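Biologist: Let us go through the terms used for this model. I want to know what stands behind each one.

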Amino acid sequence: MKVVIIGGDAAGMSAAMEIVRNNKSAHIVVLEKGDIYSYGQCGLPYVINGKVPNTEELIARDVEEFRSKYDIDARIFHEVTSIDTKLQKVSGHDVNSKEPFEFAYDKLLIATGAAPTMPRLENADLKGIHMIKTIPQMNKLMEQLPNVKHVTVVGGGYIGLEVVETVRERGLDVRLIHQGSQLMSVLDPELAKIIYEEAISKGVDVLLNEETIGFEGEQVVEAIRTKTGTYPTELVIVATGVRPNTQFATGFAKLENGALIVNEKMEASIANVYAAGDCASHYNRLKQQDDYLPLGTTANKQGRIAGLNIAGFNQKFKGIVGTSILKFFDLQIGMTGLTNDAADKSNALIEAYVMEVNDIASYYPHPSKMKLRMLVEQQSRKLVGLQIVGKHGVDKRIDVFATALYNEMTFEELLDLDLAYAPPFSGVWDALMQAPKRYGKKN
Ligand SMILES: Cc1cc2nc3c(=O)[nH]c(=O)nc-3n(C[C@H](O)[C@H](O)[C@H](O)COP(=O)(O)OP(=O)(O)OC[C@H]3O[C@@H](n4cnc5c(N)ncnc54)[C@H](O)[C@@H]3O)c2cc1C
């Protein structure tokens, strides 16, 4: 069986490894347009503040290992530009030599991820304007960072915030420019305000409601221009979202943003073609429809399932519930389930419980407050979503709640959970139990 995989990172190589382990007759070719395989993209921001010493540390397995140890025909600088789904072959060219190539497949996996979007901005080609997605991009940024004292970050979503934190921790002055009226637009405004205050307290210059229109400078960026003003800076990092890399895949069913629509077996809309990760749709269990939430966890999971199915199994991706977490200076920001917007759009009536609770027993040293907002479907009492901002213990509450969402538990059933308790870890009624204990229905 000839298997071709396009894209050599999380989804693509998770799939490749499952095929290697489970189908000895498969001949696997991986076509990767860069020269780096299997790296931890999520760790890139931490190279800036030195928590990760260099980008090399992020590489889990290098291309030679895939070739020699697993007998995978792992190509580098091979960019795919088209797929002929009738003749079952992909074609493209070598990025450096422009030499064309063509590979026939019995099964094809598209795992090309997503590319950061650069909004249409004036003078975006000036030196000193960066995006963070790949190791070469990060290496370029790290070459220039020692020469600057002031950085502007455009975009107050999770990658923008991670970058703001790490640049500031490097000792540089940071300005954050965000188009919306609050940081982390998916969060409830009350919780987003805590993040804003954290940024200000750490000396970040935050500009909200500012639409960036371009840059100024001769060859190197010297200022950033918004609709309201012009702000001097020495380096800019743009983090304004991503778009699936699927332009070359024509004739397939896609979401509005271009993500390839896949079924639970990770099959795309044309026979013998699979897709997984940031270039594919992600079925949302709560919305009961295809969604798009490009995260490393999902890319690895979907890649694994695609690989197992290509290898001959019948595995199903059960869907996401929308879980994510982020560290921002001293804050932990976690969310799972429907966001406010999605809850507003749902037909069901949703109740919101907002509380400030301790992370550990109040009498034990150093308890800290976390603010949580729990969404519950009024009629069925089913849990719908949770957002938490706090200093400690957010991760475990979000993960417990995500498990509860996956299992379609109700608000009141949170009280039945047998959660671990000792004073250094939680209150005798855990933070997640406070709302149902106080507001839950009693029979
Ligand atoms: C700064 C940053 C921080 C992040 N932090 C987190 C986090 O904390 N938690 C989390 O869950 N997720 C995080 N993510 C997201 C996570 O990294 C991605 O969801 C994950 O890498 C997606 O994996 P993928 O294999 O689908 O795509 P990618 O990792 O993007 O890999 C796709 C590969 O396909 C190649 N390719 C693209 N087009 C072609 C083509 N035409 N021909 C050949 N090859 C091609 C690319 O070069 C690339 O190597 C972060 C992302 C970034 C950028």
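Predicted model: local features only at pLDDT ≥ 70, side-chain atom pairs only at ≥ 80, totals over all residues.

Modeller: Residues are numbered from 1 along each chain as its sequence is written, and side-chain values use heavy atoms, without hydrogens and water.

Biologist: What makes a set of points a pocket?

Modeller: On a 1 Å grid over the protein atoms alone, a 1.4 Å probe must fit, and the set must be open, with protein on both sides within 12 Å along at least five of seven lines. The second largest pocket holds about 170 Å³. That volume is the space filled by probe spheres set on the points, which are joined across faces, edges and corners.

Biologist: Which residues are closest to the centre of the second largest pocket?

Modeller: Asn-358, Ile-360, Gly-427, Trp-429 and Gln-434, out of 17 lining residues. Lining means an atom within 4 Å of a point. β23 (350–358) and α10 (431–439) each supply at least two. β23 gives the largest share, four residues. Both names come from DSSP runs, numbered from the N terminus: helices are H or I with at least four residues, strands E with at least two.

Biologist: What describes the packing of two helices?

Modeller: The angle between their axes and the distance between the axes. For α1 (10–22) and α7 (296–310), these are about 35 degrees and 7 Å. Axes are lines fitted to C-alpha atoms, for helices over the stretch in contact, and angles run from 0 to 180 degrees between N-to-C directions.

Biologist: Which residues of α1 make the contact?

Modeller: Ala-10, Ala-11, Ser-14, Ala-15, Glu-18, Ile-19 and Asn-22. Contact means heavy atoms within 4.5 Å. On α7, the partners include Gly-303 and Gly-307.

Biologist: How many bridges join β14 (223–226) and β15?

Modeller: Three, so by the rule of at least two, they pair. They belong to an open antiparallel sheet ordered β13-β14-β15. Ala-223 stands opposite Pro-232 in β15.
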